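Please look over the sequence and the structure below before reading on.

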Amino acid sequence: MNERRWAERLAIPLGFVLTVAVLAVVFYYPVWSVFSQAVWSDGGPTLAPLLDVLTDPFYTGVAHYLFTDPLAVPGGIATWLQAGMPAVELGLFGFTAYQALLSTVASVALGLPGAYLLARYEFTGRETLRSLTILPFVLPSIMVAVGFVAMFGSQGFLNDVLGLLGLGSIEILYTLEIIVLAHAFYNAPLVTRLVAAAWESVDVRRVETARAMGASRMRAFRDVVLPELLPSLLTAALLTFIFTFMSFPIVLALGGLRLATVEVWIFARVQSLALAEAATLATIETVLSLLLLYVYLRYEDRQSSASSGGTPLARRPFLVGWNTLTDLRRIGLLTYGVVALAVFVGPLLSLVVESVTGPNGAFTTAYYEFLLSRQTATASGTTRPLPAIINSLVFGVGTLLLAMPMGIVVAVVATRDLPGSRLAEAVLTAPLAVSGVVLGIGLLQTLVFGTVLFGHRFTVLGPVAIVLAHAIAAYPFVTRNVAPALGSLDDRLVDAARSLGATRTRVMLDVELPLIGAAVTAGAAFAFAISVGEFDSTVLLASNVDSYTMPVALERYIGNRSLGPSLGPATAMATVLLAITAASFVVIDRMGGRWDL
Amino acid sequence: MTDTADAVDRTPSDESGVELDGISVAFDGVTALDDISLSVAEGEFFTLVGPSGCGKTTTLRAIAGFEPPTEGTIRIGGRSVEGVPPEERDIGIVFQNYALFPNMTVRENVGYGLRFRDSPGDQSPAARIDELLDLVDMEGMGDRDPTELSGGQQQRVALARALAPGPEVLLLDEPLSALDAQLRERLRVTVRDIQQELGITTVYVTHDQAEALAISDRVAVMSDGRLEQVGTPEAIYREPASRFVATFIGDNNLFEGTVTDTAPPRATIDGQPFLLPAGSEVSAGESVTLTVRPEAIELGDGDATLTVTVDNVEFLGDAYRLHCDWQGQSILVKTSAWTQTDDAVELGIDRDDVRIILDSD
């Protein structure tokens, strides 16, 4: 009896220790090994790799003078101002920030009207639309990139339609515009969701009080509503900037090296085996993104108290008969709806349409047959489709097996108000802040190439490393889903069950697990979707081995410029990915899953 | 008896029920319970009452085994339960928020304890569940989900669930506090009736002193982790042992004074003489606190007569409550006679209605 009680008491601490150990070995150690290359060489600290990057105009643009000739900077700025502020060389970091800025502006522009529509108008399907704002979050970005190629490519859906109409063709693939648009596809829904939530939490009584005191409608909006929307808008913009600053697959697939961001360039350096340079870049990039994340968290922290719990503003019906077409605001929103439909539905629809359309425009199932074939088609190089599909599914299951216990243990620790559990939570959720590419490099250099411990050389197989990387990326989402469910469990339920004679383990099986079941399922669906869609670290760990997954295969299909993009097989495989992630989304949505980080 | 000092003594003592012997509980070094000793007789309805944070719930949780005492011994049915986890203590517990398992039906909730303990009297679990649902007037509701029930119904189910395995002790932690006033009064009679019918040893926790007086065999008033007074409801009300009890239980008037004479006993309050009950054990020069219940004060003359101004008159239905001002001190009077605000009236206090609290601390 006593032994059983000890086992019960030790289960969670033991799981916690194991989780920390796994994190230490497959996250902190590899990531540290990457960063250490930037500041450590030949057994001593060094600044040389960092300075090499910071003083190189290729990386830092005009800002390199800050490091090469700081005294000349004020004079240089004065000369530049006198010359009428001509365009300057941005460098890699500057360009990355520039495209992130453009993407943020585009996301806000595309997302804000949606927030207005969702918060202020009532129409059939509004709740569904709101749920769908989550969808991009689980869609693999390389799949979305394929969707954009299918929509906007030279043989894409848009050009097919334009050709049919005799309007010629447009070529916007491999431009900054298409990257910005794809980023907006991802982040505009985030803007919509956050701002709509803030808009709905505005207490109508505050507006009514302002109106009763003499403010006009516009004035009340400016003085009461707007101040409550701005924080959420700023939050969304900041998050969008961080996400797009670190963006990788979208830029790689839709821009290539000509429009490379830091993350893409790191990947390219790794491909050319310039690991030290890649590590230095990764270090600088991580420092920058951590700084941004810190700003975000500080800001978020100050905002989190405003929930008023009042009566929300009443929604107006969107459709008001023929009057719908005479109201300027409604016409504007209808126009917005058409644009949104083109941006959000267009790529996904094109994906599916192109996957069943042959070169002659006729219906074909050839691409799906290709997916099941064991040989390679000439158009797809040496990447065979079936192993990619099987690998994705196997890795997904492997990820579940590892990420579920880790995520649940962390959730338990986070909800029990133990001393140090805040710190523990920070350490355990840090993986969210480090890019997959950095983790990929780290795992490659340490576990895959081998580590010498106690005189033995330990190596981890590529597939194992991939599952580890996926689990690291996925378990925080398990935690995010399970922790709130655990936190809302009433302690009295446990006490009541125990007073009736149930042991602690029985309480967990009879009461706690059934009650958090939905959250656990949502977390599992999330972990699976993350694994199936993971590209950043997989593409590094799967190089030169037969462990490539669907996203990696997709990139190879559309990235092979010498063969020309083989859109057919790519769209077919991307459609499979779409089906899997959409199914995960449905599960998550039905289980009331949570996405907020 | 064992001869090792730290072995747990599980020999039944003569007394059954629940006994607490010098129980202290500390959280992070802060004392929540300070040396509590009390004894609940078998079949007794015993209530712990006090303001929030006084330690009454901690006491209950210590009996249940959820808060291990840092010092002292708890005996249930005469046996020490030191080191015995809650699931092996043979208790039933009911919480304020019902704590019904939302993933189980009403029947499954009531039957949950029967998965681990036998039904009393070799009943089948199904029969036992029916009997309990019948007892709490919930027959026919067995297949409902707890969330479909009203608060009062949920609390009946929680009571049935706690009683189903026939526990030795029933523990009730503010079971009625989440219900509205009328339902609360009705349900407390139900709880009392069921307790009487089963004759089960019951420890009841509430912050509501009226509830405590209404349903208990004995009441323990707690404050600041300590026991203030233990006694029958009448004794607690009529003979409060401390200023805290005097003011926490019911409305009361307190007067600070000094004993001037012992034969007959007499005190003075701001120059106003007060006759004390004959035979009061006081000595001259002693500081005392005198308490007089509002309903004991009459309009007109008495052994002590105070001239007051009426500040406010509340109509309570069966009486009026007057808020009076006497030399800057406020006095509550409960009377059937109507008075007008701002009237100057005389209040008479009979010596036998005066209670004396010695200012020991």
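On the face of α5(B) that is turned away from its buried side, the exposed residues are B:Q182, B:R186 and B:E197. This is a predicted model, and the helix in question covers residues 181–198 of chain B. The buried residues of α5(B) are B:L183, B:L187, B:R188, B:V191, B:R192, B:I194 and B:Q195. Around the axis they cover an arc of only 165°, so they lie on the same side of α5(B).

What do the buried residues of α5(B) pack against? Their partners, which belong to chain B, are the strands β3 (45–49), β7 (169–173) and β8 (201–206), together with the helices α3 (125–135), α4 (151–163) and α6 (209–215). After α5(B) comes B:G199, which has a positive phi, near 65°.

## A buried residue in a strand

B:V40 belongs to strand β2 of chain B, which takes in residues 30–40. With a relative accessibility of 1%, B:V40 counts as buried, because buried means under 20% relative accessible area. Leaving aside residues up to four places away in sequence, B:V40 touches B:S16, B:G17, B:V18, B:F46, B:T201, B:T202, B:V203 and B:R218. Although B:V40 and B:L20 are 20 residues apart along the chain, their C-alpha atoms are separated by 8.6 Å.

## Aromatic rings in chain A

Over all chains, the count of aromatic pairs comes to 25. One of these joins A:F58 and A:W265, whose ring centres are 5.0 Å apart and whose planes meet at 50°, so the pair is tilted. This pair links distant parts of the chain, since A:F58 is in helix α3 (residues 57–60) of chain A and A:W265 is in helix α15 (residues 262–271) of chain A, 207 residues apart. A:F58 is partly exposed, at 39% relative accessibility, whereas A:W265 is buried, at 17%.

A second tilted pair is formed by A:F248 and A:F535, with ring centres 5.6 Å apart and planes at 35°. A:F248 is found in the loop between α13 (217–245) and α14 (249–254) of chain A, and A:F535 in the loop between α24 (504–533) and α25 (538–541) of chain A, so the pair ties together parts 287 residues apart in sequence. A:F248 is buried, at 1% relative accessibility, and A:F535 is buried as well, at 2%. Ring pairs also join A:Y116, A:Y121, A:F123, A:W199, A:F221 and A:F318 into a cluster.

## Charges over rings in chain B

In chain B, the charged end of B:R293 is placed over the ring of B:Y237, at 3.8 Å from the ring's centre. B:R161 lies over the face of B:F101, and here the distance to the ring centre is 4.5 Å.

## Where the chains meet

How many residues does each chain bring to the contact? Chain A contributes 22 residues and chain B contributes 25 residues. Between them, chain A and chain B bury about 2000 Å², of which 59% is on carbon and sulfur atoms. On the side of chain A, the residues that lose the most area to chain B are A:R492, A:S499 and A:L500, which together make up 32% of what that side buries.

Key. Residues numbered from 1 in each chain as written. Chains lettered and ligands numbered in written order. Predicted model: local features only at pLDDT ≥ 70, side-chain atom pairs only at ≥ 80, totals over all residues. Heavy atoms only, no water. Phe/Tyr/Trp six-rings, centres within 6.5 Å; stacked < 30°, edge-to-face > 60°. Helix = DSSP H or I, 4+ residues; strand = E, 2+ residues; numbered from the N terminus. Buried < 20%, exposed > 50% of the residue type's maximum accessible area, 1.4 Å probe, protein only. Lys NZ or Arg CZ within 6 Å of the ring centre and 35° of its normal. Expected span 1.5 Å × (residues − 1). Arc of directions from axis to C-beta. Contact = heavy atoms within 4.5 Å. Buried area = accessible area lost by both parts, 1.4 Å probe.
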